[in-house]
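Here's a quick briefing on a pocket and a helix pair. Have a look at the model first.

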Amino acid sequence: MPSEPARTVFFLSDFGTQDEFAGVVHAVITRRAPGTTVIDLTHHVPPFDVRAGSHTLVRAVPHLGPGVVLGVVDPGVGTARRGICIEVPLAAGGTQYFVGPDNGLLVAAAEAAGEAPIARVVELRREQPPTPSVQGATFDGRDLFAPAAAALCAGTAPAELGEAVDPASLVRLIGGVVEQGRLHDGRTCLRAEVTWVDHFGNLQLAATMADARVAGIPLVGIIELAARIESGNEYLDGLPHSLVPDGVALRCVDAFGDLKPGEFGLLVDANGHLAVVAGEASAASWLNVAAGELLILAW
């Protein structure tokens, strides 16, 4: 039974833009579903970095509206990894369909979009070419996910694209580290994973505004960035436990412009997460920090 066409595809991948891969996916979708709008969220997710892709989708979905959210990061082409379509009714009306590999990339964003646990998922059925193909099974973006997105945009119901599967069977990623504690000197601390380093070198933490309230971070005055739970310069193995400078002062601010050039700060970013930033500079570069590392905020 035909459903309401999705009409718009929001496309994220780790393809980059140097090669033709993203453009070919565009072409397959618009050829099969003329009139479809394809919006590129980004194609510069670090290669194979499913967690980075998942965080990116979570940040994006509140602003997307109805349509197909097509995410292709580390799809495991040529393996037994499933391709899936998650159907998510939106509270404001319409539906988002999350299409991509079952590797944890889509789940958090789909649950955030629907504000509820996932209820409907199908495992995508791979199309069989009418004649034996001379191509290898190494481009699921073109051969599996783009056709599925186009079919949804043409009004095909998800149930026609494959077999229903138990949502509990979906691969889920482990959440970012957020831990409360106390330093040896008695100060309260919050240890949080860096989940994203943006184009400007700002460090988004896994800790949200809600985590800050629970931990009791004042978000005024000065918060210290500690490199390790037990601060000090003596290491049993002779090597520092972190390249992050110990004892960096972060001034709590409401906006980037409140910081002087080169001054470090802590703010709540546009996505509701705590972020370590620097005035007119890259906090990531100056602090030697990359996504996946742990930072300790002490007060």
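Which element gives the largest share of the lining of the largest pocket? That's α2, with 5 residues. This is a predicted model, where local features need pLDDT of at least 70, side-chain atom pairs count only at pLDDT 80 or more, and totals for chains, interfaces and linings use all residues. Numbering runs from 1 along each chain as its sequence is written, and side-chain values use heavy atoms, with hydrogens and water left out.

**Pocket**
- The largest pocket holds about 510 Å³ of space.
- It has 24 lining residues, and the closest to its centre are Ser-54, His-55, Val-58, Ala-108 and His-273.
- At least two lining residues come from each of α2 (50-60), α3 (107-114) and β10 (203-208).
- Sorted by class, the lining has 10 nonpolar, 11 polar and 3 charged residues.

**Helix pair**
- Helices α1 (residues 21-32) and α4 (residues 140-153) pack at about 40 degrees, their axes 9 Å apart.
- The crossing of α1 past α4 is right-handed.
- On the α1 side, Val-24, Val-25, Val-28, Ile-29 and Arg-32 meet α4 residues including Gly-141, Arg-142 and Pro-147 (contact means heavy atoms within 4.5 Å).
- That contact has 8 nonpolar, 1 polar and 2 charged residues.

Key. 1 Å grid on protein atoms, 1.4 Å probe; cavity = no way out; pocket = protein on both sides within 12 Å on 5 of 7 lines; lining within 4 Å. Points joined across faces, edges and corners; volume = space filled by probe spheres on them. Helix = DSSP H or I, 4+ residues; strand = E, 2+ residues; numbered from the N terminus. Nonpolar A, V, L, I, M, F, W, Y, C, P; charged D, E, K, R; others polar. Axes fitted to C-alpha atoms, helices over the stretch in contact; angles between N-to-C directions. Left-handed = near helix turned anticlockwise from the far one by under 90°.
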